Every structure is written in C-alpha cells, then in structure tokens.
Amino acid sequence: MLDNKIKAVGYCRFSSDHQKELSIEAQQRAIQKYADNNGYEIVEWYIDRAVSGQTTNRPDFQKMCRKIESKDCDFVAVIVHKL
C-alpha cells in the first residue's frame, strides 16, 4: 500500500514571558493530532524555546527557512499550533 501522506514539519515556539516550557509538548501533541487526522506526516520538528515571536530571528525558525529555500527540502507544509 502506498503512503500518500503529505510531508510536513512541525514548528513550535514559546515565549518565556507568557508560556511554560511544557507548552512545547502540548503544541507537539496538537500538531501531531492535526497531522494524523488530515493526511500529513511530520518529518521533522523545529522548536524555539524562550524566544519572542515578535522577531523572526529565532534559531530553529531560521533553520527551517533555510531548509525551505534549499534544494534538499523534503516537505511541502509547515504546521504550527497558533500564529
């Protein structure tokens, strides 16, 4: 049987001022549940801990963007918990 799932990555972030680190795991669970229910396969996770969402200067966010721009990008979707 062929696997027709859409390749995606999950992106999680929390701000030390407004969230607890445990929320990363909650975000991952919610993203994974969404992926499972909607035909996506999470092939990689990008996670920024204690970094403000007011800037795009976040290590894993930048790593994800570089991957998207590369010829080696193996996913077509990014799933986030909240914008």
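I count two strands as paired if DSSP finds at least two bridges between them. Helices (H or I, at least four residues) and strands (E, at least two) are DSSP runs, numbered from the N terminus.

**Entry 1: the model.** I am working with a predicted model, in which local features need pLDDT of at least 70, side-chain atom pairs count only at pLDDT 80 or more, and totals for chains, interfaces and linings use all residues. Residues are numbered from 1 along each chain as its sequence is written, and side-chain values use heavy atoms, with hydrogens and water left out.

**Entry 2: the overall plan.** I looked up the elements and found two helices and three strands in the chain. Along the sequence they follow the pattern β-α-β-α-β. I then checked burial, where buried means under 20% relative accessible area, exposed over 50%, and partly exposed in between (1.4 Å probe, protein chains only). Of the 83 residues in the chain, 29% are buried. For contacts I take heavy atoms within 4.5 Å. Among contacts in the chain with a separation of 6 or more, 64% come from residues 24 or more positions apart.

**Entry 3: the sheet.** In what order do the three strands of the open sheet stand? The order is S2-S1-S3, and the pairing is parallel. Strands S2 (40-49) and S3 (77-80) are at the edges with a single partner strand each, so one side of each has no neighbour in the sheet. From one strand to the next, the twist averages 30°. For angles, axes are lines fitted to C-alpha atoms, for helices over the stretch in contact, and values run from 0 to 180 degrees between N-to-C directions.

I went through the pairings next. Strand S1 (residues 6-14) runs parallel to S2, and nine bridges join them. Isoleucine 6 stands opposite tyrosine 40 in S2. Phenylalanine 14 has arginine 49 of S2 as its bridge partner. On the S3 side, S1 pairs in the parallel sense over four bridges. There, glycine 10 has isoleucine 79 of S3 as its bridge partner.

Which side chains of S3 are buried? Ala77 and Ile79 are, and they point to one face.

Entry 4: Methionine 64 is buried, with a relative accessible area of 4%. Leaving out residues up to four places away in sequence, methionine 64 touches Val9, Tyr11, Tyr46 and Val78. Methionine 64 and tyrosine 11 are 53 residues apart along the chain, and their C-alpha atoms are separated by 8.5 Å.

**Entry 5: rings.** I searched for aromatic pairs: rings of Phe, Tyr and Trp (its six-membered ring) with centres within 6.5 Å, called stacked if the planes are under 30 degrees apart, edge-to-face if over 60, and tilted for the rest. The structure holds two. Tyrosine 11 and phenylalanine 61 form an edge-to-face pair, 5.7 Å centre to centre with 70° between the planes. Tyrosine 11 is in strand S1 and phenylalanine 61 in helix H2, so this pair ties together parts that are 50 residues apart in sequence. Are these two residues buried or exposed? Tyrosine 11 and phenylalanine 61 are both buried.

Tyrosine 34 and tyrosine 40 form a stacked pair, 6.1 Å centre to centre with 25° between the planes. Tyrosine 34 is partly exposed, at 42% relative accessible area.

**Entry 6: arginines.** I also checked for a charge over a ring, meaning NZ of Lys or CZ of Arg within 6 Å of the ring centre and within 35 degrees of the ring normal. Arginine 58 lies over the face of phenylalanine 61, at 4.6 Å from the ring centre. Arginine 13 is found in strand S1. Arginine 13 is partly exposed, with a relative accessible area of 23%. Arginine 13 and arginine 58 are 45 residues apart in sequence and 9.3 Å apart in space, C-alpha to C-alpha.

**Entry 7: cysteines.** How many disulfides does a search of the whole structure find? I take a disulfide as a pair of cysteine sulfur atoms within 2.5 Å. The search finds zero. Cysteine 65 is partly exposed, with a relative accessible area of 23%. Cysteine 73 is also partly exposed, at 26%.
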